[in-house]
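Hi,

Here is the structure I said I would pass on.

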Amino acid sequence: MNKNIYYFFLIICSLLIFTSCKSKKRAVRHSNYQLEKPSNKIASKYADEMGVSKGAIKNGKLYEFIDDWEGTKYQFGGLSKSGIDCSGLVFLIYQDVYHKQIPRITSQQVEIIKRKYENQFKEGDLIFFDYDGKKFSHVGLYLQNGYYVHASTKKGVMIEKLQNPYTYKYFSRGGTVE
C-alpha cells in the first residue's frame with residue numbers, strides 16, 4: 001500500500017510539472033503582440049531611412065510609436081507630446097510597445113540590462129552614452145542596421161546612426177533589458 005501512495009504522488013508531481021511547462025510555453029507564444037505587421041507606408045518609410053528591406057521592418061507597433069513621436073521636442077523630465085526626455089522615451093516604448101515596466105531614470109535603466117557587444121545588438125536593446133563627462137547621461141533604443149531612436153536635446157525624437165562620428169565618441173554601452 002505504501003508503494004501505491006508513492007507512485008500516486010510521483011504521477012501527480014509529474015503531471016504538475018508537465019502542465020506548468022505547457023502553460024509557460026503558451027504564455028510565451030501569446031507575447032508576440034509586438035510583432036504586429038507594420039503598414040506599408042510605415043515599413044517603406046523606415047526601411048528607406050535605415051537602409052534595410054521593407055520586410056526587415058517587422059514590429060509594426062514599435063515603428064508606429066516612433067512615427068507618432070518623431071519630432072517631439074526634448075524637455076528634461078518630460079513625458080508627453082509637448083516634450084519628452086531620452087529616458088522617458090524608452091520608458092514609454094517599453095510600456096506601450098513591449099508592455100513591460102522599466103525604471104524611468106537613465107541611471108536606473110542601465111542597471112537592468114545584460115551587456116552585449118555592439119555587433120550583438122538587437123531591436124529593443126538599450127544603448128547608453130556619456131555626455132558632458134557624466135556616465136550614462138543619455139539613452140536610446142536600438143532598432144537595426146546600426147540605427148537607434150532617441151530624444152535629442154536639439155532635434156527631439158529622431159532616428160540616428162549609432163556610428164555617427166559626433167555621437168559615437170560618447171557611446172558607452174548597450175544591452176538587453178532583463
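Lys45, Asp67 and Glu70 are linked in a network of salt bridges. Bear in mind that this is a predicted model. Between the side chains of Asp67 and Lys45, the N to O distance is 2.6 Å. Asp67 sits in helix 3 (residues 60–69) and Lys45 in helix 2 (residues 40–50), so this pair ties together parts that are 22 residues apart in sequence. Glu70 also bridges to Lys45, with the closest N and O atoms 3.2 Å apart. Here the link runs from the loop between helix 3 and strand 1 (79–80) back to helix 2, so it joins parts 25 residues apart in sequence.

Another one of them joins Asp125 and Lys116 at 2.9 Å, N to O. In that pair Asp125 is buried, with a relative accessible area of 3%, whereas Lys116 is partly exposed at 24%.

Strand 6 (residues 147–152) and strand 7 share six bridges in the antiparallel sense, and Tyr148 has Glu160 in strand 7 as its bridge partner.

Nine of its 11 residues are buried, so helix 4 is largely enclosed by the rest of the structure. Among the buried ones are Leu89, Phe91 and Tyr94. Asp85 is in the loop between strand 2 (83–84) and helix 4, and counts as buried at 5% relative accessibility. Leaving aside neighbours within four places in sequence, the contacts of Asp85 include Tyr74, Phe76, Arg104 and Ala151.

One more spot to check: Leu143, in the loop between strand 5 and strand 6. Leu143 is buried, at 1% relative accessible area. Beyond neighbours within four places in sequence, Leu143 is in contact with residues including Met50, Leu62, Ile66, Tyr148 and Ile159. Its C-alpha atom is 6.4 Å from that of Gly124, which is 19 residues away along the chain.

Cheers

Note on methods
Residues numbered from 1 in each chain as written. Predicted model: local features only at pLDDT ≥ 70, side-chain atom pairs only at ≥ 80, totals over all residues. Heavy atoms only, no water. Pairing = 2+ DSSP bridges. Helix = DSSP H or I, 4+ residues; strand = E, 2+ residues; numbered from the N terminus. Buried < 20%, exposed > 50% of the residue type's maximum accessible area, 1.4 Å probe, protein only. Contact = heavy atoms within 4.5 Å. Salt bridge = Lys/Arg side-chain N within 4 Å of Asp/Glu carboxyl O.
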